[in-house]
Amino acid sequence: RAVALILVLCVSGMRAETARYSVPEEAERGSFVANIAKDLGLTSEELLARQARVVPEGQKQYLQLNQYTGDLVVREQMDREELCGQTEPCLVRFEVLLESPLQSFRAEVRITDINDHAPVFLNKEIALKMPELTMPGTRFLLESAYDPDVGNNSLQHYSISSNEYFHVYTQRRNDGGRYAELVLDRALDREQQAEVAFSITAVDGGTPPRSGTALIRVVVLDINDNIPVFTQTLYKVSVMENSSQDTLVVIVSASDLDAGTNGEILYSIVQNSEENLQTFKINPETGQIRLKKPLDYEEKKTYEIDVQATDGGGLSTHCKVEVQVKDVNDNAPEVIITSLTSTLSEAAPPNTVVALFNVRDRDSGDNGRATCELTGEQPFRITLLAADAYALVTSETLDREQVEEYNVTVRARDEGSPALSASKTLLVRLLDVNDNAPTFTQAIYTMVMSENEPAGRSLGRLSATDPDAGENARVRYALVPSPTGTLAAASFVSVDAESGTVRSLRPLDYEKVRAFEVTVRAADGGSPPLSAQAVLRVLVRDENDNAPVLLHPAPDSSAAGELVPRWAPSGYLVAKVVAVDADAGQNAWLSYELAKATEPGLFRVGLHSGEVRTARAVTERDAPRQRLIVLVRDRGQPPRSATATLAVALVDDFSDAFHQLGRDAASGQQAQVAEEEMLTTYLIASLCCVSSLFLLSILVLTASTLCKARVLAELPPPSPSCYADGDFASDGVGVGSTGTLSPAYRYEMCLTSGSGRSEFQFLRPILP
């Protein structure tokens, strides 16, 4: 039923300390534990009037409170071994709740152990095989007895009956358990006594002490002078607790120098714990230790396994395997509501208690360390009372006329990886006020649009939420105007006011605009409206809309002429095709290939360098004129390409280069015939003028030397052209030292427009 009473409780008045009591296990029902009224400083009448009650931490109620006397008594017998196993201390936790006003007191009862179990050997008869050459002082690991009690009531020491060959040592493990090692005092002689039998007794430390006994039979074996030897005496491994059945834990390995059956080794797990036998198994031949069942870190964190290696002659040795169970975040936190006030008056002051709850996580470390939070913007907060006890209180004055109700979600999240969480939703009836601003789901939204994408295309959606109701929760979106003088990015996209959908307003060119940012405001419909802002970042994705551009040879030339001597070996550099692509990324990755050639086998092109080289040595049988078409292709989808045409002349030496190049054209051949016919006439005229020209040349040379600087500044560029680093630039793309053009192959060349066949020469390559 709904509770109409409003409980107001300041957090400072709650008790955070824990009361501690103890009671022996298996105490009879009705056994006195403590007087709660006395410890709380209350009378029995106050205890009854405030309806005191005990709230257990678990599902079962082991204790009860007498409201008339204030006595805490045993309601049901408790078996410490059943409740906690080997865990110490064994605690039963509960809370005492009082009403009018509401208060919570934490308490715990420690269940003390009594000596109600005797040590028990899993096998009543233990058989050991020992060679007769075993040296005195040799130790043999014995099966451990099992005692579920803890502390002094657990197993304390071992003893054996009187005999002339052995005595026993009691050893202590890291986890506090004890095991027995049998020590040989004197050498065995099989001819005198083939078997030695005696009893072993395990005694606990209770009062009176309890004990368990087993019979040990030692069979003396004939000579087998090498015992197995483990590669390690201690194996330390770790296993995740969520490992499945048959998961490989570790492989133990031992070797024996003997041959035949005496060198054959069988592995076994020594029965030192029934739990180990139920959890692990070993392959007797390979030494692989695997899981019989999944592990649980919350039940046991460490296992110590004693493994024995026995050869065919009966000799054995042992090693220890220490298995550390690693905790996995497999338990989500639990939010347990212990008290809840579902309705609150609008006049309720701040710090009014709405609910009391506990958070529990069975994991350990960071996996078991939980934090609480409230989802959404609400006028509530969580206050820590104790290690895992919290209170939900109001954080400000409430107004019923404005807010009708709240769905308050308490979320508990642990610190594991990945983190697990649990939530509880509480309904608090109030009326709404516009006290919550919209909240974007992200501080920065990143969207992508393709280059040249048409206007009106949806790029994505912005999302902002407002926990208010009605018009106060209606969110509208708008772009914040850009500051004066900045890029008008608001002209690139628009935001739908209702849905928050972002659409493009016009196509963009990646080469001009690669990314831009705008600020988006989300405002609610309240009065006055509240708003929030987020950054919208739009990235322009490059499209393959630019074909490769040839830098060398120039695209406007019909064919670039290259000369290759007849003596050129394989790998001779003929030319280098250079191209650039204005796109970015993969769209700008260029590859070169030989599309067509007069003799395809004579030349090859570097896939990435564009270098045209001879694929083999040039021979006399090769045609003197070669025509190559090089295809330059980018890696866009679909790819774009360009072609470069190279004319290659094979010459015996560079002195007749222009002679062969001139003969390539038919018109050049006809002009050569006419030139030969008039050669005699030209020679006669030249002889008549040679004297005059000689004198004139001397005068011109002197004048040009004195006025060289002035002539170079006033006259147009001279006919000879020398191309250096700075001349290879086009459209603002520098290729002298940056960009895709490598400076590794550049040649210095000087030509004149009127050069004859004997004036053409390669000077030298300019090396980096």
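Which residue in strand 37 is the bridge partner of Val495? The bridge partner is Val502.

## Basis of the model

This is a predicted model, in which local features need pLDDT of at least 70, side-chain atom pairs count only at pLDDT 80 or more, and totals for chains, interfaces and linings use all residues. Residues are numbered from 1 along each chain as its sequence is written, and side-chain values use heavy atoms, with hydrogens and water left out.

Val495 and Val502 belong to a pairing between strand 36 and strand 37 (residues 501-504). These two strands run antiparallel and share three bridges. Strands here are DSSP E runs of at least two residues, and helices are H or I runs of at least four, numbered from the N terminus. Two strands pair if DSSP finds at least two bridges between them.

The sheet is open and has three strands in the order 33-37-36, with antiparallel pairing. Strand 33 (458-461) and strand 36 (493-495) are the edges. Each has a single partner strand, so one side of each lacks a neighbour in the sheet. From one strand to the next, the twist averages 20°. Axes are lines fitted to C-alpha atoms, for helices over the stretch in contact; angles run from 0 to 180 degrees between N-to-C directions.

## The disulfide and other cysteines

One disulfide turns up in a search of the whole structure. The criterion is a pair of cysteine sulfur atoms within 2.5 Å. Cys84 and Cys90 form the bond, with an S to S distance of 2.0 Å. The S-S torsion is about 65°, so this disulfide is right-handed. A disulfide is a covalent bond between the sulfur atoms of two cysteines.

Burial is judged by relative accessible area: under 20% is buried, over 50% is exposed, and partly exposed lies in between (1.4 Å probe, protein chains only). Cys84 is buried at 19%. Cys90 is buried at 0%. Cys319 is buried at 1%, and Cys372 is buried at 18%.

## Ala419 in its loop

Where does Ala419 sit? Ala419 lies in the loop between strand 29 (403-414) and strand 30 (421-431). Its relative accessible area is 35%, so Ala419 counts as partly exposed.

Leaving out residues up to four places away in sequence, Ala419 touches Asn329, Arg413 and Asp414. Contact means heavy atoms within 4.5 Å. Asn367 is 52 residues from Ala419 along the chain, and the C-alpha atoms of the two are 7.7 Å apart.
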